[in-house]
Amino acid sequence: MSDSEPAAKPQPQVSHRGRSAAPIATSNADGEEVPEFEPFGLMPRGPPPLQEFLDIWDVNMLRKPDEVNKRQHTTHLYATDNLIVRRGQEFQLKVTFDRPYKPSDDQFAVEFVIGGSPQFSKGTYIPVSVASDRQSPWAGRVVDSADNVVTVGITPAPDCIVGKWRTYVAVVTPYGIRRTRQDENRDVYILFNPWAAADSVFLDDGNEREECVLNEVGVIYHGAFDDVSERPWNFGQFDYGVLDACLFIMDKAAMPITNRGDPIKVARKASAMLNSRDDDGVLVGSWSGDYTYGVAPTSWTGSTEILLNYSSSKMPVCYAQCWVYAAVFNTFLRCLGIPARVVTNFFSSHDNDGNLKTDIILDENGRIDKQRTKDSIWNYHCWNECYMSRPDLPQGFGGWQAVDATPQETSDGMYRCGPASVQAIKHGQICFPFDAPFVFAEVNSDVVFYSRNPRDGTLEPVKVNSSHVGRMVVTKAPGQDTRRDITDQYKFPEGSPEERTVLEKAEEYGCQREKVTLPEADVELNMPLIEVRVGDDFELKLEFNNKSGQSRTGEMYVSGNVVYYTGVTSSEFLFKTPKVTLDPMKAEKKVIQVRSQDYMRKLVEQANLHFIATGKVKETGQIVTAMRVVTLHNPKLSVQVSGLAKVSEEMFVTVEFTNPFKFNLEDVYIRVEGPGVMPPKYKHYSLILAGSSMTWTESFTPRREGPTKLMASLDCAALRQVYGQAQLTVKP
């Protein structure tokens, strides 16, 4: 900073004084000292000796993974020593006194406190008594009493605050209350409970619940709707430090402690906090291709490293794109107990003027006017769905809710999206909160081709494609590594009467559509699917079909562009103007040769080529168009595991890669990790020569039994999205 530049002013601190008696509690990490002795009246000389009254010798939280609590609450997978339970379900603790407990003479309570300035009325201070005559928001009972040890059963309310609670045991004496000292080992994490019918995140389907809460290994789908690629992801919601990182995210957002029992508010707040656009949230988004100051989005293999980096540095982590936002958001939701899954929408609309149209402008000859075409269609876009009831909406709109942390548009002044009821989106009820119109447009926009009159600049619609956007919505199938098509949960079949009704309903709530009836074209154009590896020459076929009884001629404009997966053009590498003559009722093929030397030097990450053909039929003036996204297929990584797959036994993973190209790969990063077996590790290679191979072997020690995966990625500026994985089953 130069001397002449003024120093940046610090953010002014806003005080609560004059507005409230105490600041609103917004940090789970804060806590006030609770006195060990709380007198009932003034005691200038202090309390008298209390030997004759019940004294607490020990409090056992039964927090080990093999003890009753974690098994019954399905929290035994979390890598933390503290007790973790789910709300609305009983857990137990053992209190050892200095003598046998006498229910008629002795009074004691287990106290739970969260945040600063705890208050009973706010639900942040909960005393739980085992006596039947003393009411408490949480139920308490004596499960067993033997000698000096009392086993207490406690059931947190099914709508209680989710977070880390401090625990005390308090005994009532005639002079006051004496309680245990604060001990971090007695802190208990209370999570949402999709197993409890009274919890608002209750999910009745056991297979779905197992997948969307307990599965740490995910599959994220990308590519194109008819050429779907997949990549593994380690959600790692049970890894050491991840739960604390998720609670820190809510603290960083200054989310009031009292709101943290409501999954709607938690999901909405996290949707804003997972991106860094306006609140120093978790991830910095970048689509530029320059990742000098961080990790390329395509290089990440899991969420653990990202969340731990954020919670330790307190600074946003670089860099992310939509699937990274969705994957880390998924970890956050699953870790807190909210059922969640990552979904991918192929051909996802993101228009710039908030309507249901994606506008493509053509000149008078039928050629695309790139200067005036601003709307983009993402080849795919990932967001999340989380499962919860919606008491704020009419009945029937609970269940799966769409939430999106990728910063695209602001909602109530912040970059966030959702939760939006998927049921409401399907039925066009986009008036309901939150952000349903935006998600509705992502899956329902029409692609409208306009012909521009050069004399007065007016636009006339010449073709409408109503089935291109929202072509397919997929997620991982429960319990399998296969994909599941959930398009029918977002929209009715194209052209069905229900779809027409839904679109009319959406228009009532302000969504604008292009209402135009165009004569049916008698010439059809199609570009069939082609599978191409990076670096290959290939043929692009144009298939014309003349359905009329007369000859047709036309001049076509075929443009080949290297595009980002967001549909934004990086550069044009091909432009052809073939002429076509069609005999009556006949089909014709045109073949265009595409050479690798034309596109390889211009490739950007994710290796997408976008071809668009437009033209005008000379005899009728009708516009014919076709679009095709070609996803170039990358080579794979080989991942091999060796050694005895047992808990605490050393094993080895070997990652191998051969550079198949005629050029060198520079500044290459390889990452590998696996939930429950291997923390994230990476290795840097400054150069992998053309045609040469590399091998990296790394040791790891499984800490948990059961089936799992090791997943690896290779990433450099010239080659992105190279993945491999290996499955293993660890024995106890």
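Good morning. Phe 329 is buried, with a relative accessible area of 0%; buried here means under 20% relative accessible area, exposed over 50%, and partly exposed in between, with a 1.4 Å probe and protein chains only. This is a predicted model, in which local features need pLDDT of at least 70 and side-chain atom pairs count only at pLDDT 80 or more, while totals for chains, interfaces and linings use all residues. Residues are numbered from 1 along each chain as its sequence is written, and side-chain values use heavy atoms, with hydrogens and water left out.

I turn to the aromatic residues. The structure holds 26 aromatic pairs. Rings of Phe, Tyr and Trp (for Trp, the six-membered ring) pair if their centres lie within 6.5 Å; planes under 30 degrees apart count as stacked, over 60 as edge-to-face, and the rest as tilted. For Tyr 78 and Phe 238, the ring centres are 4.7 Å apart and the planes stand at 80°, so this pair is edge-to-face. The two belong to distant parts of the chain, 160 residues apart: Tyr 78 is in the loop between helix H1 (68–72) and strand S3 (83–86), and Phe 238 in the loop between strand S13 (227–234) and helix H3 (242–252). Helices (H or I, at least four residues) and strands (E, at least two) are DSSP runs, numbered from the N terminus. Tyr 78 counts as buried at 5% relative accessibility, and Phe 238 is buried at 1%.

Phe 329 itself forms a tilted pair with Phe 332, at 6.5 Å centre to centre and 55° between the planes. Both lie in helix H6 (residues 322–336), 3 residues apart, and are thus separated by about one helical turn. Phe 332 is also buried, at 1% relative accessibility. Elsewhere, Trp 287, Trp 323, Trp 378, Tyr 380 and Tyr 565 form one aromatic cluster.

Finally, the sheet. Three strands form an open sheet in the order S27-S29-S33, with antiparallel pairing; two strands pair if DSSP finds at least two bridges between them. Which strands stand at the edges? They are S27 (523–526) and S33 (587–594), each with a single partner strand, so one side of each is left without a neighbour in the sheet. Strand S29 (residues 538–546) is joined to S33 by 8 bridges, and the two run antiparallel. Within this pairing, Asn 545 stands opposite Ala 587 in S33. Thank you.
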